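Thank you all for making time this morning. I would like to walk you through one model, and I will ask you to keep the sequence and the structure in view while I talk.

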Amino acid sequence: MIALREFFIQPQVDLASGGRRRLTDGERATDPDVLPGGDAVVYVARTPGGGMELRRRKLDGGPAETLLSRPGAQLYSPRLSPDGTRVAFELHEGGRRDLALLEGGAVTRVTDDDALDLDPA
């Protein structure tokens, strides 16, 4: 029988036993989204100097993988596609806050206007 787990950006909690395991340490991580199936989490990490990166971390351990680092840009609300190959997110850059898609290392703006485009799903 597989125990149900609840995922947070810092601890991983086994709801059956109450056991906790830290997922990040010192990354100032926010906005987690767990891959369907629970194998990995994508999140925003704050970097020294005020930068932000999109990162992915496997939940069974290992180092974080930086998916996107864009100097001067603010990144928010990453959301994984069901197959885990794409990440939709908020991109605040050049005075605009648009929705963007990260796929194969390339960023495509989904919206590009003066509106505040938020909360991809």
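This is a predicted model: local features need pLDDT of at least 70, side-chain atom pairs count only at pLDDT 80 or more; totals for chains, interfaces and linings use all residues.

Let me begin with S77, which has its place in strand β8, residues 74-80, where strands are DSSP runs of E with at least two residues, numbered from the N terminus. Residues are numbered from 1 along each chain as its sequence is written, and side-chain values use heavy atoms, with hydrogens and water left out.

Coming back to S77, this residue has a positive phi of about 50° although it is not a glycine. Is S77 buried or exposed? At 11% relative accessibility it counts as buried, the term meaning under 20% relative accessible area, with exposed being over 50% and partly exposed in between, for a 1.4 Å probe and protein chains only. R28 also has a positive phi of about 50° without being a glycine, but R28 is found in the loop between β3 (20-22) and β4, and it is exposed, with a relative accessible area of 58%.

Strand β8 belongs to an open sheet of four strands in the order β8-β9-β10-β11, with antiparallel pairing; two strands pair if DSSP finds at least two bridges between them. Because β8 and β11 (106-109) stand at the edges with a single partner strand each, one side of each is left without a neighbour in the sheet. Neighbouring strands here are turned by 30° against each other on average, direction ignored, the axes being lines fitted to C-alpha atoms and the angles running from 0 to 180 degrees between N-to-C directions. Within this sheet, β9 and β10 pair in the antiparallel sense over eight bridges, and L91 has D98 as its bridge partner in β10.

The other open sheet I want to show has four strands in the order β4-β5-β6-β7, again with antiparallel pairing. Its edges are β4 (29-34) and β7 (65-69), each with a single partner strand, so one side of each has no neighbour in the sheet. Eight bridges join β5, residues 40-47, to β6, residues 51-58, and A40 has K58 as its bridge partner in β6.

Now to the interior. In soluble globular proteins, nonpolar side chains tend to be buried together. The largest nonpolar core in this model has 17 residues, and those with the most contacts inside it are L54, L75, V87, F89 and L102; such a core is a set of buried Ala, Val, Leu, Ile, Met, Phe, Trp, Tyr and Cys residues joined through side-chain atoms within 4.5 Å. Strands β5, β6, β7, β8, β9 (86-93) and β10 (96-103) each supply at least two residues of this core. Apart from it lies another core, of six residues, among them L23, V41, A45 and L59.

Finally, a side-chain detail: which ring does the charged end of R97 sit over? It is the ring of Y76, with the charged end 4.2 Å from the ring centre, the criterion being NZ of Lys or CZ of Arg within 6 Å of the ring centre and within 35 degrees of the ring normal.
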